[in-house]
Amino acid sequence: MKMFRNMKIWLRFVLSFSLILSFTIVIIMVSISKLNDINDKVTRIMVVYNVRINLSNNMIDRARETAIDVRNILLAKYEKQSAENIHKMIADLSEHRKSYQESATNLKALITQEDPKGFDILGEAIAYADSVHQYQDKVIGLVLTDKVDEGTRLMFGQAYPRVKRWIKKTDDLVHYNEECNALRFTEAKEAQATALKTMLMLGFMAILLSVAIAYFLTMSITNPLKVATNLVLTRDLSLDISAYQTGGGELGVMIQSFSKNISERVKLEEEMSAKALYARNLIEASLDPLVTIDAEGKIMDVNQTTVKATGVSKVQLIGSDFADYFTEPDKARIGYQQVFSQGIVRDYPLTLRHSNGSTMDVLYNASVYKNEAGEVQGVFAAARDITDRKKLQEEMRASSIYARNLIEASLDPLVTINADGKIMDVNKTTIKATGVSKEQLIGSDFADYFTEPDKARIGYKLVFSQGIVKDYPLTLRHSDGSTIDVLYNASVYKNEAGDVQGVFAAARDITESKRQEKELITYRDQLEEMVKQRTAELSKVLEEVKETINILVSSSSEILAATTQVATGTAETATAISETSSTVEEVQQSSKQSSQKAKNVADSAQRVVQVFQNGQKAVEETINGMNKIREQMDSIAQTVVRLSEQSQSIGGIIASVTDIADQSNLLAVNAAIEAAKAGEQGKGFAVVAQEIKNLAGQSKQATLQVRNILNDIQKVTGAAVMATEQGSKAVESGLKQSVQAGEAIRILAESSNEAVQAATQIVASSQQQVVGMDQIGVAMQNINQAGTETAVSMVQAEKSAKSLYELGQKLKTMIEKFQG
Amino acid sequence: MKTENRVLLKKRAVEMAKEPELKTEGSEYIGIIAFTLSEENYGIETDFVREVYHIKEFTALPGVPSYILGVINVRGKILEVIDLKKLFNLPEKGIGELNKVIILHNDQMEFGILADVVHGTQIVAVKDIRAVPYTVSGIGEEYLMGVTKERLIILSAENLLTDKSIIVNEEVI
């Protein structure tokens, strides 16, 4: 198969057609040989057997002729014809014999040893011929010697039978040849049939082979073509285009190169589309609204961000006027016209208007884009949202003003110094403290404004080296000569890059605080004296108080414990009450339900009673009906019995009629006998007797029919009697059952009446129960409310007790403190 | 009158009309009474038949051969009855209600023979009666006259009447 696939197409054609051609040749050869065979057989029939039959027939004719010749000779002798005539006849005879011998010889030549039966028959025939010839010769010899009578006798006695047998044998030969003929004909026919069959079979096989070859050939060409078509149509590269599928022929090679081409093209297309998709994704992923505009200012394409920024769908955006989406459409129009004229525009401020009315400040960067030929196609514009940036700037400005104000508002002299010790900035308090204007201060040496400039210089250098200095004491000198003692707190400040920019220093005026400190020391000494005296008195009092408090604490703790217990108890009681009340509610609910159920039961029991009464009535009617049926059945039974009796009496009558008929028959026979005795006079009577006999026969027949009918009637009547018997029995049992049913229904009705009464009582008592349960429910609710109130007040009491206890404790602690 | 009946009557009339053949010239024809014995049809010459009698009761006789059924009373005359079935070894059917007795007689003898069914009188040409074939089994050849084309076996009443072997003359000691 694989070899066939890889063959060249011309080779496939040559192979297939040569196969078909060789097969056809075989068919033709076989047909010719078969036809020859048939022809041979037919020829044999035509030639050999027909000749044989002819010869045999000839022999028969000659035999007959010889026999006739002999007879003629005899007759001639009888008629005393001339000797000349007789000799002529003898000559004829020998002529005929000769002819016979010729035929026999010919036939012998034709019937060879291969056909033993034919040979035998022929041999026998010739033998008979010889014997006949001998007798005939004898006859002729006798005739010639004038012994005619003797000759005649010999001829009839001996020669004729032999002639008959001879002719018979020869006839057998003819028949045998005819049989052979028929046999050959049958063989020829069979051969023809076989040949026809063989030819048909071969022809059929040839057709099959041709079809198969045509199919395979077509498939081997169309399959690869189909694969190629699929490849082109679907571009499915997963298709098997290997040599197995397409074969190694011209088509296979063509398809493989074809598929290679297509796969390369597909790969190229895929790459390109991937690139385009990447570019598109980049555009879509941009957080800036991007848009392309044509020369008339219409939007050609937008990204998702633009859709979001404008609040308009992409479909609506494309084709609409670019300028329409801004608060100042004219400015926007000028903007993109500028792009077309200059090729590029940067940071072009515009305000984008959202469809919901909100606006967005944007800066537009736009440039023209060109096609491959270098012609301007449109403008690509990218907006940047600057709303946040603007806000940030505002905030920053506000915060810096605020910081400045804070600094200015500070009561401490604040100052910033650079690395050289020059003042960079000051606040108003510094101006006040130094008495020098701000302009003079800025740029002057920081150390110049202190009584000890060196110490000040060391101070700020310390800040630069350590990063921070706290409570550095210095004395500030005012321009009017007065001094202020200050403590300096200073730290370096850095720019955004983390480089030290300078020192920020804050001074605190401590002149006043120093003076107050001195006064305070004086006061403290006095107070200590007084406290010592008081303490002595107090400790005495405290002892007493402590004792009292101890008692108070212990009793209050006891109160607390008791109250806690009570509160717990009350809470538990409240819980129990609420549980009880919920239980009572459930009971109430269930008692209501049971009351409802009891009512339903009473109602249904009432209905049952009604049904039972109806049932009783129906049963009574049934019993009445049954009684009527029984009466009817009784009368039917009587009628049937009567019918049976009457049919039996009919049987009796029939028997007697039969008897009469029989006797009439006998009488008729006797009458006939009598008539026969009477002879001629009794003839009329015999007829009458015959008539009577016939009548008797008829009446017998009729009685037989009647008996048959009667038998049927009796059978049916018997069945009817049985049926009536069964029917009356069934009615009896039905009656009994309906009486029982009536009894059962009556008892049931009684018991259901009792059930109704009981149900009514149940309803009444359950209603009372419901009322009682309602009352219990109300009471339980009251109890519950009271319990809840008690619990609340107990909680309050507990709280008070607790606070009392805490108070005692606190007092105790305080007292202990005092004592300590 | 119904057509059927008319046809029937016509048929009968035709049958009756073609009697000329039945001229009883000399002994060319004999009248017989046809009867049935065990499904076989028999005939007996009318000349020897006195009458056909319906057997109502009979008296069995002791000490007689089995083919003698017994004696009957026919209008005051006591006659013996022979059961030919026994005599001819035919299968027994029993005496039913329809059993008849054909009373035969000649100058010396008078007795009855039992028949199952008596069909009536017929006239048979003597030339139609053929010799009895050997196949008729069990029947004493001496009692048979011959068989007709219709397989009606004609009994020879004369032979029956004159047969001495039927006469019972046994002495009981």
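Two strands pair if DSSP finds at least two bridges between them. Helices (H or I, at least four residues) and strands (E, at least two) are DSSP runs, numbered from the N terminus.

## The model

This is a predicted model: local features need pLDDT of at least 70, side-chain atom pairs count only at pLDDT 80 or more, and totals for chains, interfaces and linings use all residues. Residues are numbered from 1 along each chain as its sequence is written, and chains are lettered from A and ligands numbered from 1 in the order in which they are written.

## The sheet of chain B

In β2(B), B:Glu40 is the bridge partner of B:Leu37. β1(B) and β2(B) (residues 40-45) pair in the antiparallel sense, over 6 bridges.

Five strands of chain B form an open sheet with mixed pairing, in the order β8-β1-β2-β10-β9. Its edge strands are β8 and β9 (144-147) of chain B, and each pairs on one side only.

## The helix of chain A

Helix α15(A) covers residues 511-678. It has a kink of about 25°, centred on A:Ser539 (the bend at a residue is the angle between axes fitted to the seven residues ending there and the seven starting there). A:Gly679 follows α15(A), and its phi is positive, near 75°.

## Where the chains meet

Chain B gives 13 residues to the contact and chain A gives 10 residues. Two residues are in contact if their C-beta atoms, placed from the backbone, lie within 7 Å. On the side of chain B that touches chain A, the largest share, 4 residues, comes from β3(B).

Key
The expected span of a helix is 1.5 Å times one less than its number of residues.
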